Amino acid sequence: MQEYVPYIVIGAVAAALIMITVLLARVVWRRQVRHYIVTLTGHREAVASALKTTEAVLSALLDDERDALAAFVSRGSDEREALAAIADRMQLEHAELKDIALPKRLWPLADTLCGTAGMLAEETARVGDAEGEDALDALAGLDIARVRSALEDASAEIARLAERYNVTDPSVYGGGLYI
């Protein structure tokens with residue numbers, strides 16, 4: 001029996017090391033997933049901020065009516081430039097979300113955010129690309145409700161994942177992300 005004692009000790013130490021390694025790997029993995037949830041929360045806030053800006057531009061145009069709409073038809077109006085900037089930023093956001101490396105459980109959320117950014121980019125770019133009176137038609141055809149609905153779906157998914165992975169406070173305040 002004494003000749004087997006070193007083997008038993010080595011086996012017990014190896015089993016303990018394997019258990020510790022597995023537990024540490026799980027802890028590190030959950031921490032990594034939490035980090036990506038916060039990252040995706042930042043992307044959601046970028047899309048939400050762009051949506052709020054789009055709504056503010058629409059509101060400003062509707063409040064001022066004739067003068068603002070007449071200026072909007074021309075290419076150099078501030079509102080058209082704002083919508084073009086939103087379209088550019090959302091195209092970048094779409095590309096980032098499409099190419100981001102994530103754990104498999106976060107893919108549906110990233111796909112939803114990617115689609116939302118793409119929708120907003122498409123809607124606002126259509127207005128920016130239009131000429132003259134077509135710009136007003138494109139403005140009237142903006143489907144903000146579809147974008148808002150997709151953003152709400154993404155927010156619900158983030159809330160579900162945050163609860164599952166104990167992300168109690170992703171530190172999003174006032175539309176900005178503080179990490």
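Biologist: Let's start with Tyr4: how exposed is Tyr4?

Modeller: Tyr4 is partly exposed, with a relative accessible area of 47%. Buried means under 20% relative accessible area, exposed over 50%, and partly exposed in between, with a 1.4 Å probe and protein chains only. This is a predicted model, where local features need pLDDT of at least 70, side-chain atom pairs count only at pLDDT 80 or more, and totals for chains, interfaces and linings use all residues. Residues are numbered from 1 along each chain as its sequence is written, and side-chain values use heavy atoms, leaving out hydrogens and water.

Biologist: Thanks! Where does Tyr4 lie?

Modeller: Tyr4 lies in the segment before helix H1 (5-64). Helices (H or I, at least four residues) and strands (E, at least two) are DSSP runs, numbered from the N terminus.

Biologist: And how many helices and strands are there?

Modeller: The protein has six helices and two strands, and the order along the sequence is α-α-α-α-α-α-β-β.

Biologist: Is the protein compact or spread out?

Modeller: It is more spread out than a compact globule, because its radius of gyration is 25 Å, well over the 16 Å that the globule rule gives for 179 residues. That radius is taken over C-alpha atoms, and the rule is 2.2 Å times the number of residues to the power 0.38. The C-alpha trace spans about 95 × 25 × 20 Å along its principal axes.

Biologist: Changing topic, is His43 buried or exposed?

Modeller: His43 is buried, with a relative accessible area of 11%, and its place is in helix H1.

Biologist: What is His43 in contact with, beyond its neighbours within four places in sequence?

Modeller: With those left aside, His43 is in contact with Glu93, Glu96, Leu97, Ile100 and Leu113. Contact means heavy atoms within 4.5 Å.

Biologist: Now the largest nonpolar core: which residues touch the most other members?

Modeller: Those are Phe72, Leu83, Met90, Leu120 and Leu139, out of 26 residues. A nonpolar core is a set of buried Ala, Val, Leu, Ile, Met, Phe, Trp, Tyr and Cys residues joined through side-chain atoms within 4.5 Å.

Biologist: Which helix gives the largest share of this core?

Modeller: H1 does, with seven residues. There is also a second, separate core of 18 residues, which includes Tyr36, Leu106, Leu109 and Tyr165.

Biologist: Back to Leu120, what is Leu120 in contact with, again leaving aside neighbours within four places in sequence?

Modeller: Leu120 is in contact with Val47, Ala50, Leu51, Thr54, Ile86, Met90 and Val147.
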